[in-house]
Amino acid sequence: MIRFSLALAATLFLAAPSGYAAGLKFIRIPGDADNPAIDAAMWSPCATPPIEVRIGALAVPATPDCPIAGEELPLIIVSHGYGGWYLGHHDTAEALADAGFIVVAINHPHANHADMSQANGPGVLIERPTDIKRTVDFMLDASPDAGKINPQRLGFYGFSLGGYTGLVVAGANPDFTKLPPRCSDPKAAGCPPAGHAQPPRQPPSQSLTHDPRIRAVVVADPLSIVFPSADSVKDVKVPLQLWGSELGGGGGASPENVATLARLLPEKPDFRIVPNAVHLSFLTPCPELRPSSDACIDAPGFDRVAFHKQFNTAVVAFFPKHLTKP
């Protein structure tokens, strides 16, 4: 375990490779009779300097629809947390694209900031890893950019529920009976009736989607309470960088849960605890949004902008070590 050193990370950040700008475009992964369409944002290396792109209240540095610079590029899929969206980690996506990665962040259908109609209950926990596999399938096959991607160089980044998603994709088998009641709206899809907070039924392991094409994983404050034993994570063998907030605030992603996960994983992860960080400190810095929003509130004295520069540098350094060309 590493207690993340801001001074060390700042030094690393100054040495981070660059030379690209982040190209940005929005894509839609088609649905079918069994699966809804998936909206996604895609960042990629670009030879043209970025401009400021306004997306609602956000201002992001990007070059819209820029031709992808490079060949045989690694691909990183990004999964957001509860109530999040595909721009919730845009600074990390930009840093990866500037370093030569193609990055695709998705909105999990019916479980994102714009549509929470199916965000509660165990159903979404089963669907999330399937969303990732569908995204990988599309990017490697039907996407017009498939020829730019090396299919042997696939990685994943996820936060909170997105971190849970990455662990399942990497081989973990969660125990949903460990979930606390978390449905404030008794009418929400997948929630027990009012007054009946029984634990959800455990689905058969074969209903969970694992994807061995994912070769390296970074997760931040993942929902960990559903991985209570070594047996639940025994098949997670990919290189994994695990981040935890010191102060927590993410329910089943408490500091204790995350530390337990780090001990249970069969391969020792690159485990880093961020001093004075709360759960939502992993979301992109948001001075351009409502500063009073819960998503933008950090502990006194915590500098989210400085931390994210350091965090992004560490993430960018991790993936190339494990996504080398075969």
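Biologist: How much of the protein chain counts as buried?
Modeller: Of its 326 residues, 54% count as buried. Buried means under 20% relative accessible area, exposed means over 50%, and partly exposed is in between, using a 1.4 Å probe and protein chains only. Please keep in mind that this is a predicted model: local features need pLDDT of at least 70, side-chain atom pairs count only at pLDDT 80 or more, and totals for chains, interfaces and linings use all residues. Residues are numbered from 1 along each chain as its sequence is written, and side-chain values use heavy atoms, with hydrogens and water left out.

Biologist: And what is the accessible surface of the protein chain?
Modeller: About 14000 Å², and 57% of that belongs to carbon and sulfur atoms. Such areas come from the Shrake-Rupley method with a 1.4 Å probe, and for residues only the protein chains shown count as cover.

Biologist: How many helices and strands are there?
Modeller: The protein chain has 6 helices and 11 strands. They are DSSP runs numbered from the N terminus: helices are H or I with at least four residues, strands are E with at least two.

Biologist: Let's go inside. How many residues are in the largest nonpolar core?
Modeller: That core has 53 residues, and V104, Y164 and F227 have the most contacts inside it. A nonpolar core here is a set of buried Ala, Val, Leu, Ile, Met, Phe, Trp, Tyr and Cys residues joined through side-chain atoms within 4.5 Å. Helix 3, residues 122-140, gives the most to this core, with 8 residues.

Biologist: What does V104 touch?
Modeller: Leaving out residues up to four places away in sequence, its partners include I27, L75, I77, T135 and M139. Contact means heavy atoms within 4.5 Å. There is also a second, separate core of 38 residues, with F159, V218, A220 and F318 among them.

Biologist: Now the strands. How do strand 2 and strand 3 pair?
Modeller: Strand 2 (residues 21-29) and strand 3 (residues 38-46) are antiparallel, with 9 bridges between them. For example, I29 has I38 in strand 3 as its bridge partner. Two strands count as paired if DSSP finds at least two bridges between them.

Biologist: How many bridges join strand 2 to strand 5?
Modeller: There are 2, and those strands run parallel. G23 has T63 in strand 5 as its bridge partner.

Biologist: Is strand 10 largely enclosed or open?
Modeller: Enclosed. In strand 10 (residues 240-245), 6 of the 6 residues are buried, so the rest of the structure largely encloses it.

Biologist: Which residues are on each side of strand 10?
Modeller: L240, L242 and G244 are on one side and Q241, W243 and S245 on the other, all of them buried. In a regular strand, side chains alternate between the two faces of the sheet.

Biologist: Which strands are its partners?
Modeller: Strand 9 (residues 214-220) pairs with strand 10 in the parallel sense over 4 bridges, and A220 has W243 as its bridge partner. Strand 11 (residues 270-274) also runs parallel to strand 10, joined by 5 bridges, with L242 opposite F271. Between strand 10 and strand 11 the chain passes through helix 5 (residues 255-264), and this β-α-β crossover is right-handed. That term means that, with the strands pointing away from the viewer, the path from the first strand over the helix to the second runs clockwise.

Biologist: Switching to charges: how many salt bridges are there?
Modeller: The count is 10. Each is a side-chain nitrogen of Lys or Arg within 4 Å of a carboxyl oxygen of Asp or Glu. In one of them, K148 pairs with E71, with the closest N and O atoms 2.8 Å apart. K148 lies in the loop between helix 3 and strand 8, and E71 in the loop between strand 5 and strand 6, so the pair ties together parts 77 residues apart in sequence.

Biologist: What about D137 and K133?
Modeller: They form a salt bridge too, with the closest N and O atoms 3.0 Å apart. D137 and K133 are 4 residues apart in helix 3, so about one helical turn separates them. D137 is partly exposed at 24% relative accessibility, and K133 is partly exposed at 33%.

Biologist: Which residues are linked with them in a network?
Modeller: Salt bridges link K133, D137, D211 and R213 in a network.
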